[in-house]
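Student: I would like a close look at one part of this model. Please keep it brisk.

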Amino acid sequence: MTARAPLAALTAPLALLALWQLAALSGVFPTQVLVPPADVAETLWSLARSGELERHIGESLFRLGLGYLIGAVAGLAFGACIALSRLAEAALAPAFLAVWQVPVIAFVPVLVIFLGIDEPFKIAIVALATFFPVALATFDGIRGVPKAWFDVARVYRTRIPDLILRILVPATVPAVLTGMRVALTRSWVVLVAAELLAADSGIGQMMEMGRQMFRIDVVLAGVVVSGVIGFALDRGAKAIEHRATRWKYA
Amino acid sequence: MKQVLARPAARFAIGLVAPLLFLAWWQWQASSGGARALTFAPLQSIGAALVELVADGALARDMFATVSRSLAGLAIGGSLGIAMGVSMAIWRPLDRVLGPLLHAIRQVPLIGWLPLFGLWFGTGQGTELIVVCLSAFFPAMLNSYEGVAHVEQRYLDVGRLYGFTPFQRFRLLLLPAAMPLILTGLTQALAFAWIASIATEILLGAGSGLGVTMQLAQTQQRLDVILVAIIATALLGFVINTLFQRLRRHLLRWQAAPL
């Protein structure tokens, strides 16, 4: 790629920003409807300086981290369980696939009834959004291991721990990591939605409060922050995925 | 064990054990009295809610509203997405100008737009539809772009040999070659539009729809109604998806068997 390409890529967004600034300053639209981008940047800056932004991001990422951890561990265990045991598959897979048909967001009302609208609800919805993709990817990953490898392991009388550590884990890591990356981006979306609905802190709540107070600059600042975080999560997960599966292309 | 699992009837029966155990546990929680019994709706009240919602037509109305919202979003957002993706792939300057912007917009969690759209367009059904359209737009755009941009060079070479006009090239080469990916994009767009419909209905609660009913039932602590709506959501999602897969196979029947 030439050095000109990034510049060209920046031209359009910059032109749009300039256009937006001009349109906002022209007075055709009231400032409550169209806030100049400079104001958004200023709001973002003052939110960052007062520590408010840091608190919201911290709260959101804490929920994301804890819920993700719970969901990923449960998903890994469940996926491995139904992939390794035909009986477990017959017993649990139909119910799992039936629940899989429901968009995770539709469980929000149920979880609110059982858990209220506080912290456990948000962690639970993130865990749920993480669980399904991870479980499915683990199942597919393990089932994708060639049967011959198990046969070889049997011939060598490989013990179960060795079988898991030296055959199953390396063979399934790529599929599982892809599932975990998908789960991460999805759970971020679900968390923002849950925070919009009910929270006293977090990026989603910051936007919802901004909406209720007609502070479109705060809302737009939230849009920018949630976009950057989503992008960073996806990129980070992709980098890890790439690093962990490098041996495949070596 | 293996012989037992090989029989479909036996597999079916084994698959029923876990759900039945769960239902029994649920019923026990609901009827055991105490504080928790209030949250757990007993099975007979879920059944009664189902009968009630079916009888007064509320369930049918909600299902119709959610499905038509998804399909309208798919039609509008999906066709705009295809048009944008195809144009960006054919005409590179457009890609260079709009591409970075669209990819930046794509990073924001879809639901994150709700507060902004709420301010701009109100918290009514219009905003719901806009978010659903937006959710269908991106998968359609990305896949159509990929499909048209990565048409095999040898097809294009043949086109050049035959002296195709740009329109012929588009109509006879690019479009058919991109069709599988365009349809993949539409399938994803449908799934996204379906989820976005439920999500916006839950968050905004405007108009009617399965999500609106769930949200309302949550404020009234009617778990039975929520569960009926969830079951309807699952069934509808499954049916729509299956129908769409059939349609896709039908449209692509000219293709060689998938690799």
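Student: At what angle do α3(A) and helix α6 (residues 119-143) of chain A pack, and how far apart are their axes?

Tutor: This is a predicted model. Two packed helices are described by the angle between their axes and the distance between the axes. Here, α3(A) and α6(A) pack at about 35°, and their axes are 6 Å apart. Their crossing is right-handed. The residues of this contact comprise 24 nonpolar, six polar and three charged.

α3 (52-84) of chain A also has another partner: the buried residues of α10(A) pack against it. Those buried residues pack against α2 (37-49), α8 (160-197) and α9 (203-212) of chain A too, and against α6 and α7 of chain B. Among the buried residues of α10(A) are Ile216(A), Asp217(A), Val218(A), Ile229(A) and Gly230(A). Helix α10 (residues 216-244) of chain A has 29 residues, which should span 42 Å at 1.5 Å a residue; the end C-alpha atoms are 42 Å apart, so the two agree.

Now the wider contact between the chains. Chain A gives 44 residues and chain B gives 45. On chain B, α6 (92-107) and α7 (114-121) are among the helices that each supply at least two residues of the side touching chain A. That side of chain B has 33 nonpolar, ten polar and two charged residues.

Last, confidence. The complex gets an ipTM of 0.80 and a pTM of 0.83 from the predictor. Chain B has a mean pLDDT of 85, with 95% of its residues at 70 or more. Within chain B, confidence is lowest in helix α3 (residues 36-39) of chain B, at a mean of 67. Confidence there is highest in helix α5 (residues 58-90) of chain B, at 93.

Notes. Residues numbered from 1 in each chain as written. Chains lettered and ligands numbered in written order. Predicted model: local features only at pLDDT ≥ 70, side-chain atom pairs only at ≥ 80, totals over all residues. Contact = placed C-beta atoms within 7 Å. Helix = DSSP H or I, 4+ residues; strand = E, 2+ residues; numbered from the N terminus. Nonpolar A, V, L, I, M, F, W, Y, C, P; charged D, E, K, R; others polar. Expected span 1.5 Å × (residues − 1). Buried ≥ 20, exposed ≤ 12 C-beta atoms within 10 Å, placed from the backbone. pLDDT = per-residue confidence, 0-100. Axes fitted to C-alpha atoms, helices over the stretch in contact; angles between N-to-C directions. Left-handed = near helix turned anticlockwise from the far one by under 90°.
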